[in-house]
Amino acid sequence: NGMINVYPVRAFKDNYIWIIHNEKYAVIIDPGIATPVIDYIGQHHLELIAVLNTHHHHDHTGGNLELSQLSNIQIYGPQKETIPGMTHGLEEGNIIKFPELSLNLTVLNTPGHTVDHISYYGSNHLFCGDTLFSCGCGRIFEGTAQQMYNSLKKIAALPDQTQVYCAHEYTLSNIHFATEIDPANSLLAEYASKVKILRAYNKPTIPTTLAIEKTINPFLRCEHPAIISAANQHAETQLSNAVSVFSEIRKWKDHYQSNVH
């Protein structure tokens, strides 16, 4: 009975709200809306013990207050961000213990998408909000390219078998961009076929693993010759280091996404 399930509740167009649970208790990651969460816990007769937020954006926190009325739950989030109903502000290295689930989660500061974005890591699971996506990374809305690059390096240093639970189903469009800049990557081509099949059946492509991401995700491969050369070509100059390569492909992707219909 020590089995933990991680279930993706879908919300909005492409959000995943992750529910970590056993037969009795549940912890929710980034509930942008309460209704589908309430439905799931009701169907499975679960008791909600906590909400964990990675950052303040409304599509990750919009359900907090409604869920907080269900029962006496803890609401965790980044200490310096304004999170609705937050009872516990967190920073790097904090450990949250959920004995009911035999789960301990360590807090990692992963700024970039927002200045104080955090991720949660434990039991081989990483809940990283909008920092690392499969074959992509979050847009830099508040932080800097240097911060986002460092956050991705910090995540990449975790064990290869780490299961990565991000908050959006962006994998297919991420693959389109990655293929454009890394066309000779046969592992990427192989991954693309798998993902197309999953999406054809409307199945999640998440979780992914760090092992896979290190071979296909251009944002984790900024020191790789293929990525450097694509970035140099796009910038029409020799970029001097991995951060400038990262910054160039992130800007390229911001523009590229808006041109894909």
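**Exercise 1: Aromatic pairs**

Both Tyr149 and Phe246 are buried, where buried means under 20% relative accessible area, exposed over 50%, and partly exposed in between (1.4 Å probe, protein chains only). The model is predicted, so local features need pLDDT of at least 70 and side-chain atom pairs pLDDT 80 or more, while totals for chains, interfaces and linings use all residues. Residues are numbered from 1 along each chain as its sequence is written, and side-chain values use heavy atoms, with hydrogens and water left out.

Task: determine how many aromatic pairs the structure holds, and describe the pair of Phe127 and Tyr165.

Solution. 
1. Rings of Phe, Tyr and Trp (its six-membered ring) pair if their centres lie within 6.5 Å; planes under 30 degrees apart count as stacked, over 60 as edge-to-face and the rest as tilted.
2. The structure holds 11 aromatic pairs.
3. Phe127 and Tyr165 are stacked, at 5.0 Å centre to centre with 20° between the planes.
4. Helices (H or I, at least four residues) and strands (E, at least two) are DSSP runs, numbered from the N terminus. Phe127 belongs to strand β10 (residues 125–129) and Tyr165 to strand β13 (residues 163–166), so their pair ties together parts 38 residues apart in sequence.
5. Phe127 and Tyr165 are both buried.

**Exercise 2: Salt bridges**

Task: find how many salt bridges the structure has, and examine the one between Asp254 and Arg250.

Solution. 
1. A salt bridge is a side-chain nitrogen of Lys or Arg within 4 Å of a carboxyl oxygen of Asp or Glu. A search of the whole structure finds 8 of them.
2. In the bridge between Asp254 and Arg250, the closest N and O atoms are 2.7 Å apart.
3. Both residues lie in helix α9, 4 residues apart, about one turn of the helix.
4. Asp254 is partly exposed at 25% relative accessibility, whereas Arg250 is buried at 3% relative accessible area.
5. Salt bridges that share partners join Arg139, Arg250 and Asp254 into one network.
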